[in-house]
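Here is a short report on a structure with two chains in contact. Keep the sequence and the 3D view open as you read.

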Protein chains: 2
Amino acid sequence: MVKSAPDTLLVIRVPGWVDDVVGTFPGRFETDDARMALVIALSRHNVERGGGPFGAAVFAGPHLVAAAVNRVLDSGLSIAHAEIVALMRAQQSFGAFAAASAGAHSLVASAEPCCQCFGAIFWSGVDRLCCGATTADAEAAGFDEGPKPEDWVRVFEDRGVSVTRFVRRDEAREVIAEYARRGGRIY
Amino acid sequence: MVKSAPDTLLVIRVPGWVDDVVGTFPGRFETDDARMALVIALSRHNVERGGGPFGAAVFAGPHLVAAAVNRVLDSGLSIAHAEIVALMRAQQSFGAFAAASAGAHSLVASAEPCCQCFGAIFWSGVDRLCCGATTADAEAAGFDEGPKPEDWVRVFEDRGVSVTRFVRRDEAREVIAEYARRGGRIY
């Protein structure tokens with residue numbers, strides 16, 4: 001077999017404005033409240049630019065490792081939820097798929113994970129998940145969160161991923177609700 | 001806020017040899033057996049090149065849409081399971097995240113899905129899943145398939161994704177077992 005076919009690149013683009021938004025925040029994120037404020041701001045900016053109402057970021061203690069937003073509509077890729085984009089970005093910057101486990105890393109997401117992100121988090125190396133809006137909040141706006149276990153928090157905890165919920169929940173939920181009110185595409 | 005930060009590209013590379021392997025097969029794949037033969041060949045070639053022992057592809061009837069292999073070790077990205085890479089490649093070629101639903105599309109995978117791929121398949125637009133090696137086969141080699149429901153086949157069927165299992169199972173399992181015997185990295 002002679003090699004002749006070109007490589008194919010599968011690409012998710014994180015737009016520069018994501019880091020511009022990051023730049024409007026202080027350089028350290030000492031609390032879950034501060035981390036979630038960034039993530040919700042990203043979700044709001046994403047809606048203003050025609051994207052889905054979700055943001056996520058990976059932190060190492062107070063340090064931001066990778067910020068992201070939902071890129072499903074722009075990329076045409078169903079994998080491109082904010083959580084997945086944040087985890088890919090963190091791993092790409094570390095250069096190793098489990099490098100996040102090199103220290104205590106948190107995934108902070110503006111909403112609780114759907115079934116896809118639920119499954120992906122186990123392989124990501126993060127040992128902490130922090131969520132804003134709830135599964136019910138997302139579903140109230142019409143989003144399908146899919147088949148994840150009723151006791152998903154316990155499943156995470158049993159595998160060493162601690163879960164903190166309801167951080168700035170009302171504010172995170174409001175971004176999702178506003179997106180639905182505007183007639184944003186539900187997927 | 002003035003835009004100043006550059007975009008960040010998150011990239012998974014599908015090496016050209018994948019399509020070279022495809023080129024050694026007939027252009028039509030009429031049966032699950034024929035489709036799985038390709039996917040297992042891809043898994044075997046991936047092992048020979050230092051990758052994980054998993055292949056996957058998306059088909060529209062007898063037509064190949066996108067072929068892929070596990071790219072976790074090379075890309076450093078835990079998302080880059082063969083199934084995810086195949087689905088991303090199919091969606092990128094279609095240019096829309098649910099375009100696979102434009103026709104009857106099958107995801108054919110050399111092993112049953114882990115918890116990550118289980119969750120991702122629901123949003124992918126495929127309406128059929130065909131698997132070779134079983135969850136137990138992968139776990140016997142040391143791979144962790146993660147928390148997916150005991151009744152995962154029924155969960156798929158309930159959401160309109162039909163599941164066919166045990167296609168060329170022994171052959172698919174042997175590639176995984178050989179990888180483990182060679183001391184391949186388990187993740």
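## Conventions

Helices and strands here are DSSP runs numbered from the N terminus: helices are H or I with at least four residues, strands are E with at least two. This is a predicted model, in which local features need pLDDT of at least 70, side-chain atom pairs count only at pLDDT 80 or more, and totals for chains, interfaces and linings use all residues. Residues are numbered from 1 along each chain as its sequence is written, and chains are lettered from A and ligands numbered from 1 in the order in which they are written.

A:V167 sits in the loop between β6 and α8 (169-181) of chain A. A residue is called buried if 20 or more other C-beta atoms lie within 10 Å of its own, exposed if 12 or fewer, and partly exposed in between; the C-beta atoms are placed from the backbone. A:V167 is buried, because 22 other C-beta atoms lie within 10 Å. Two residues are in contact if their C-beta atoms, placed from the backbone, lie within 7 Å. Leaving out residues up to four places away in sequence, A:V167 touches A:D32, A:D33, A:M36, A:C130, A:C131 and A:G132. A:I12 is 155 residues away along the chain, and its C-alpha atom is 28 Å from that of A:V167.

In chain B, B:F166 lies in the loop between β6 (162-164) and α8 (169-181). Its phi is near 70°, a positive value in a residue other than glycine. B:F166 has 13 C-beta neighbours inside 10 Å, so it counts as partly exposed. B:R168 is also in the loop between β6 and α8 of chain B. Phi of B:R168 is near 50°, again positive in a residue other than glycine. B:R168 has 20 C-beta neighbours inside 10 Å and therefore counts as buried.

## The sheet and its helices

Chain A has an open sheet of five strands, in the order β3-β2-β4-β5-β6, with mixed pairing. Two strands pair if DSSP finds at least two bridges between them. β3 (63-69) and β6 (162-164) of chain A are at the edges, each with a single partner strand, so one side of each has no neighbour in the sheet. Neighbouring strands are turned by 20° against each other on average, direction ignored. β5 (residues 128-133) and β6 of chain A pair in the parallel sense over three bridges. There, A:R128 stands opposite A:S162 in β6(A).

Helix α2 (residues 32-48) of chain A packs on this sheet. It touches β2 (55-60), β3, β4 (105-111), β5 and β6 of chain A, and its direction makes about 150° with that of β2(A). Axes are lines fitted to C-alpha atoms, for helices over the stretch in contact, and angles run from 0 to 180 degrees between N-to-C directions. Helix α4 (residues 82-94) of chain A lies across β2, β3 and β4 of chain A, at about 135° to β3(A).

## Two helices in chain B

The axes of α2 (residues 32-48) and α8 of chain B come within 10 Å and cross at roughly 10°. α2(B) and α8(B) are therefore roughly parallel to each other (angles under 35 degrees count as roughly parallel, over 145 as roughly antiparallel, 65 to 115 as roughly perpendicular and the rest as oblique). From α2(B), B:I40, B:S43, B:R44 and B:V47 meet B:E171, B:A172, B:V175, B:E178 and B:Y179 in α8(B).

## Where the chains meet

A rotation of 180° with 0.0 Å of shift along its axis superposes chain A on chain B, with RMSD 0.0 Å. The two copies are thus related as by a two-fold rotation axis. A:V11 is the residue of chain A closest to the axis, at 2.3 Å (C-alpha).

The contact takes 47 residues from chain A and 47 residues from chain B. On the side of chain A, β1(A) gives the largest share, seven residues. Seven bridges join β1(A) to β1 (residues 8-14) of chain B, and the two run antiparallel. A:V14 has B:T8 as its bridge partner, and A:R13 stands opposite B:L9.

Key: Copies are superposed by least squares on the C-alpha atoms of residues with pLDDT of at least 70 in both.
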